[in-house]
Amino acid sequence: MVIKVFVATSSGSIAIRKKQQEVVGFLEANKIDFKELDIAGDEDNRRWMRENVPGEKKPQNGIPLPPQIFNEEQYCGDFDSFFSAKEENIIYSFLGLAPPPGSKVAKSPEEASSLPNGDVAGEAESAAEGTERAQESGESEAQREGEEDAGEPPEPQEKIDGPKEEEEATATEETAGETEEGAEGEAEEEEAVEGEEEPGDGGEDS
């Protein structure tokens, strides 16, 4: 299939020449095969173009102005249609051509809606994956914090009760010491009393 671009090389309109140059330059830059047909110097080209442009695309006077674009015998559109397709990045669909491999050409709304796994679905899946990853990372952080808390066991009851037991033991020892000292004091007093009584008893005997 060959793209046909009808132009008027000797047109006196600057606007028409500019539009023609834009269409031709775009096709050349994107390496799209096309054939440039001049309607100014070829009556057959002019007649064929006028006959094959749909009625709704013709101006009120019935004479369509160049540039007019065809894919073989199929009408593609005029400059306005071409410009809109280029802005929407659906130029290959506009021209009736298959996009080249690896090209990032946006699909037309009809094509995108007909595909079960379109770009919109892919974006939704990516967003869902991102949410799942965020949730997993949050759970892992919470689990890590829980492990850290578990790694620090509470202080054993022995340590908490230790000071109390030591205080009680110390008090008991002090009480026992005082008791022993009291007993020793009483024993000494008894011995002293007995010592005083013994000399008295000896005197009476003599």
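I began with Phe79 and Phe82, which are three residues apart in helix 3 (residues 79-87) and therefore separated by about one helical turn. Helices here are DSSP runs of H or I with at least four residues, strands are runs of E with at least two, and both are numbered from the N terminus. The model is predicted, so I noted the limits: local features need pLDDT of at least 70, side-chain atom pairs count only at pLDDT 80 or more, and totals for chains, interfaces and linings use all residues. Residues are numbered from 1 along each chain as its sequence is written, and side-chain values use heavy atoms, with hydrogens and water left out.

**Aromatic pairs**

I searched the whole structure and got eight aromatic pairs. The rings are those of Phe, Tyr and Trp (its six-membered ring), paired if their centres lie within 6.5 Å; planes under 30 degrees apart count as stacked, over 60 as edge-to-face and the rest as tilted.

I looked at Phe6 and Trp48, a stacked pair at 5.5 Å centre to centre with 15° between the planes. Phe6 lies in strand 1 (residues 3-7) and Trp48 in helix 2, so this pair ties together parts that are 42 residues apart in sequence. I then checked accessibility, where buried means under 20% relative accessible area, exposed over 50% and partly exposed in between, with a 1.4 Å probe and protein chains only. Phe6 is buried at 1%, while Trp48 is partly exposed at 22%.

I went back to Phe79 and Phe82, whose pair is tilted: 6.3 Å centre to centre, 40° between the planes. Phe79 has a relative accessible area of 11% and is buried; Phe82, at 0%, is buried as well. I also found that ring pairs join Phe26, Phe79, Phe82, Phe83 and Phe94 into a cluster.

I noted Lys4 over the face of Trp48, 5.1 Å from the ring centre. For such a charge, NZ of Lys or CZ of Arg must be within 6 Å of the ring centre and within 35 degrees of the ring normal.

**Nonpolar cores**

I took a core as a set of buried Ala, Val, Leu, Ile, Met, Phe, Trp, Tyr and Cys residues joined through side-chain atoms within 4.5 Å. The largest one has 17 residues, and those with the most contacts inside it are Leu27, Ile69, Phe82, Ile91, Phe94 and Leu95. Strand 1, helix 1 (14-29), helix 3 and helix 4 (91-95) each give at least two residues to this core. Helix 4 supplies its largest share, four residues. I listed the contacts of Leu27 (heavy atoms within 4.5 Å). Beyond four places in sequence, Leu27 touches Ile3, Val5, Ile32, Phe34 and Leu95. Another core, of eight residues, lies apart from the largest one and includes Ala8, Leu37, Val53 and Phe70.

I looked up Asn45 in helix 2. Asn45 is buried at 16% relative accessibility and, leaving aside neighbours within four places, is in contact with Phe6, Leu37, Asp38 and Ile39.

Arg50 is also in helix 2 (residues 43-52) and is partly exposed at 31%. Outside four places in sequence, Arg50 touches Lys58, Ile63 and Pro64. I got 6.3 Å from C-alpha to C-alpha for Arg50 and Pro64, which are 14 residues apart in sequence.

Last, I placed Gly62 in the loop between helix 2 and strand 3 (68-71). Gly62 is partly exposed, with a relative accessible area of 31%. The C-alpha atoms of Gly62 and Arg50 are separated by 8.2 Å, at 12 residues apart along the chain.
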